[in-house]
Amino acid sequence: MDATVGEGVMGKLNLSEAYLTFTDQANVDMVMPLYTIRRVEKVMDQRPDLYSIKIVNWHHAQTIFHLNGGKKDCEQFSSTLTIHLKNQIKHMKMMKQFLKTCPSESVIKDQDLNLVPGGLGLTFGFPGDPKKLKEKSKMKLWKEYFQRNGRNLTLSKTPHFSKLIRIGLPNKLRGEMWEVCSGAIYERFMNQGLYDRILEENKDKTSFSLEEIEKDLNRSLPEYKAYQQPEGIDRLRRVLVAYSWKDPELGYCQAMNIVTSAILIYMSEEQAFFTLGTLCDDLLPGYYSTSMYGALLDQIIFEHLLEKTMPKLHQHFKQADIQLSVACLPWFLSLYINSMPLLFAFRVLDCFFMEGPKVLFQIGLAVLKINGDGLLEASDDGAFMNILKQYFSHLDTPLYPNSDNPKAKNLTKFNELLLVAYREFSSVTDEVVRELRQTHQLKVVAGIESFTKRSAIRNIANTAKLDKEELGVIYDKFQNVLYYHEHTQMNLASFEIFIGSLASWAKMNAEDQQPEMQRQLKVAKNFIQQLFDQFDDVVIGIGAICKGDLNSQLELFFKLHDVDQDGYLDKDEIVQLSETLLWIFRRTNDEEHLNSVSTFLQNAFEYSETKEDNNYLSLASLRMIVLADETLENFFDHGFSQSFQLTEKPIEQQKSLGREIFDNLLATGAKLAATTRPQLRTKSTDTSSITTTSITPPINHSPVTEGEEPIIKKEEEEEEKEEKEEKESDEVKHVIGEDSSDDEDDELSPDVLEEVDRLLKEYSDEDDE
């Protein structure tokens, strides 16, 4: 439905069990967790056709919604909202303690931000010069924004919000704003205490992930002084360890340490813990996994976008055999943290958390475009890397050092990079990335599966004379059994399925399960059990059968039926061997095989040795009896080995692709293919929606007046006294869509990108054009 913000602007109101959201085409986003709503009141409007409600949030800001719909629908919406609000009262009691961890609260109250839990930067300093970064001016702008549009859990995102983000966040607010933009702040609120609890519950445990974490700790942003000291290393260790226990299936993967060490400069450990989870689960699924399938997928998309937007450069890379991923994969995995100076990498992170993964593509394409002329001269990967390395090391270089205009003189190559990224590659939208992920994901799955398979085959020490194609078939069928039948390792049940996929006689169908076949089924189970016990190594076992001769096959069958391992087959073991042969031959549909087994049984007893009134058959005697029968000789010479089909039908080859990786893609589903702005995520699938015809600008907090019918009151009596005392300092206006910059500091342009665009046109030389 259409949605708007401001006077007379249409909008869409969505309700779930935990959230109320409003969106419009003017890029105004309101996410209202129901636990932040103090009161909802029905407003008696002069127009009888309007159904209006007023919402008062935790920070006393008020918003009036005029609901557009039939009276029954509006009342149902209000009734559902009432029920959900009552269910959230228990969470509202957690608000006061939680807000003590939010710097925006201290900004509004003009309190010392150093007293709020924060990142390593509070102790070891933040990158950059505060004066050059205009920290005071930025903080002033954000305070004004908070006063108009709410803060932390009640913040609304207007078009002015994105402008302030692109200017660059104040250091002491950066961590909280990353949380708000990514949606991690809502996860942290709902799971207070989880981080400390995970660390406590697992403090004495060890794992492979913990060993890998220790290897990477000292390689995490070593240029930042906090990571040259125990305090910084310890914080990083705790966050990575806690996340590895939270998601033991993923555990820890390289590059996690780089991203986590960066966000810890601006975030507390608990903030970083939940933000890391949002990165791995929502924003960049599959990036930080063993296969890195998400990052590899985005690399294919990046190359596709390069071909569409800069075909000449793409063609040059192909002709020169320059591997784009050599440079660009680290950009995506580290979110440019390892490529750019930290000061600029954090600016990219500002935009990334606000707008999502599309920013990674836009920045990367802009880097290639700006350096296009030089890259067209690159003849190999080394030259390609050197050009980009040189560019990143000079991002702080002024664009117009000789300009008389102070603002133009302060513009740097990084400003140009942002401008080109947003202006030249605005066509790279969330929808485009989503569609390309859907298009290319199977290609990535197949590529990773092929690589994994080749690596496994290459590392087999004893191939048992099997060629690569045959080993590949065994690998595929082995892995298929484990994956599709949800087995973690090859046990007897999975081995039975595995052998059945290789040899038709070993595959038991419905006929074999009939009551009259119970004896034969028992023989079959016993034979497969003996094979399972014999196969210490699947490749060697299958290879011995497929590449073996008559003597080796006879020896195998002899060992499988010599249960007591005394070197002879007694009467019962001879009978078992004959029954095994009958079972293997059960689908031959001829009398020849049946007669051969019958003759074998007679000869076995006739030529067996007698000891203590028992018949015993030696391996030599078994060989003599088999060679005397052409049917059995052919079976042991080549029939049994050829019954193992080490080839795959096309449909089986398709089925083998993916497995664990494909499962991960399906499990994340829309999150991988449709990752968009995370701040609009709701935590419930139970949703209802209603269209608003207009939203009046919020008014100052005031008591219920005549004509207003209360629907819900959630204020707790024990808080009323304290709220009255704090009212003067804590009360703010909640203005939706207001984008006033009349009082902004003259030193700071409200939109660097617009200013850069204008100045580039005004001051660029003809050569630059």
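The legends below describe close-up views of a predicted model.

Residues are numbered from 1 along each chain as its sequence is written, and side-chain values use heavy atoms, with hydrogens and water left out. Because the model is predicted, local features need pLDDT of at least 70 and side-chain atom pairs count only at pLDDT 80 or more, whereas totals for chains, interfaces and linings use all residues.

**View 1. Strand 5 and its covered residues.** Strand 5 spans residues 51–57; strands (E, at least two residues) and helices (H or I, at least four) are DSSP runs, numbered from the N terminus. Of its 7 residues, 7 are buried, that is, under 20% relative accessible area with a 1.4 Å probe and protein chains only. In a regular strand, side chains alternate between the two faces of the sheet. Here Tyr-51, Ile-53, Ile-55 and Asn-57 point one way, while Ser-52, Lys-54 and Val-56 point the other way.

**View 2. The partners of strand 5.** Strands are taken to pair if DSSP finds at least two bridges between them. Strand 4 (residues 37–43) runs antiparallel to strand 5 and is joined to it by 6 bridges, with Ile-37 opposite Asn-57. Strand 6 (residues 62–68) is likewise antiparallel to strand 5, through 6 bridges, and Tyr-51 stands opposite Leu-67. The hairpin of strand 5 and strand 6 has 4 residues between the strands, and in this hairpin His-60 takes a positive phi near 70 degrees.

**View 3. The largest cavity.** The structure holds 2 cavities of 30 Å³ or more. A cavity is a set of points, on a 1 Å grid over the protein atoms alone, where a 1.4 Å probe fits but cannot get out; its lining residues have an atom within 4 Å of a point. The largest has a volume of about 120 Å³, where volume is the space filled by probe spheres set on the points, which are joined across faces, edges and corners. Its lining comprises 14 residues, of which Pro-103, Pro-117, Gly-118, Lys-172 and Tyr-266 lie nearest the centre. Helix 8 (residues 171–182) supplies the largest share of the lining, 4 residues.

View 4. The structure holds 0 disulfides, a disulfide being a pair of cysteine sulfur atoms within 2.5 Å. The sulfur of Cys-253 has its closest cysteine sulfur in Cys-280, 8.4 Å away, which is too far for a bond. Cys-253 is buried, with a relative accessible area of 10%. Cys-74 is also buried, at 0%.

Technical notes:
Buried < 20%, exposed > 50% of the residue type's maximum accessible area, 1.4 Å probe, protein only. 1 Å grid on protein atoms, 1.4 Å probe; cavity = no way out; pocket = protein on both sides within 12 Å on 5 of 7 lines; lining within 4 Å.
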